[in-house]
Amino acid sequence: MSSIDATMKNAVNGMQAGITTARRAASQIASGRGDSESLQDLKQAERQVATNAKSVEQANEALGGVIDVKA
């Protein structure tokens, strides 16, 4: 597996983990069981998804550069 593939896979896994955390925190908040920790978890999940989305974007750009060089 190339480093671009590994980066993409890790970033997608990180996004999925962040979405899972966000869903759990949002569910707690919506049910009235949430507290400040739930809000912190939701904000952390937002940052996690955004950071990993940026990694996917950069890997995609790198892959595009490789394709351009080979073409």
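## About the model

The model is predicted: local features need pLDDT of at least 70, side-chain atom pairs count only at pLDDT 80 or more, and totals for chains, interfaces and linings use all residues. Residues are numbered from 1 along each chain as its sequence is written, and side-chain values use heavy atoms, leaving out hydrogens and water.

## Helix H1 and what follows it

Let us begin with helix H1, which covers residues 3-30. Helices here are DSSP runs (H or I, at least four residues), numbered from the N terminus. The expected span is 1.5 Å times one less than the number of residues in the helix.

Several H1 residues are buried: Ile4, Ala11, Gly14, Gly18, Thr21 and Ala25. Buried means under 20% relative accessible area, exposed means over 50%, and partly exposed lies in between (1.4 Å probe, protein chains only). Just after H1 comes glycine 32, with a positive phi of about 85 degrees.

Helix H2 takes in residues 36-70, and serine 38 is found in it. Serine 38 has a relative accessible area of 3%, so this residue is buried. Its side chain joins that of glutamine 28 in a polar contact of 2.9 Å. For a polar contact, a pair of N or O atoms lies within 3.5 Å; within protein, one must be able to donate a hydrogen and the other to accept it, and residues adjacent in sequence count only if both atoms are side-chain atoms. Not counting residues up to four places away in sequence, serine 38 touches Ala25, Gln28 and Ile29, where contact means heavy atoms within 4.5 Å.

Further along, alanine 22 has its place in H1. Alanine 22 and glutamine 44 are 22 residues apart in sequence, yet their C-alpha atoms are 8.3 Å apart in space. Leaving out residues up to four places away in sequence, alanine 22 touches Leu42 and Ala45.

The side chain of asparagine 52 reaches the backbone oxygen of glutamine 48 at 2.8 Å. Aside from neighbours within four places in sequence, asparagine 52 is in contact with Asn10, Ala11, Gly14 and Met15.

The structure holds 2 salt bridges. In a salt bridge, a side-chain nitrogen of Lys or Arg lies within 4 Å of a carboxyl oxygen of Asp or Glu. One links the side chains of lysine 43 and glutamate 46 (3.0 Å, N to O). These two lie in H2, 3 residues apart, about one turn of the helix. Lysine 43 counts as partly exposed because its relative accessibility is 42%, and glutamate 46 is partly exposed at 47%.

Glutamate 57 and lysine 54 also meet in a salt bridge through their side chains (3.5 Å, N to O). Both lie in H2, 3 residues apart, about one turn of the helix. Glutamate 57 is partly exposed at 39% relative accessible area, and lysine 54 is partly exposed at 42%.

## A nonpolar patch

Finally, a look at the surface. Ile29, Leu39 and Leu42 form a nonpolar patch there, with about 220 Å² of accessible area together. Leucine 39 lies in helix H2. Patches are made of residues with over 30% relative accessible area and no salt bridge; like charges are joined within 9 Å, and nonpolar side chains (Val, Leu, Ile, Met, Phe, Trp, Tyr) within 5 Å. Accessible areas come from the Shrake-Rupley method with a 1.4 Å probe, and for residues only the protein chains shown count as cover.
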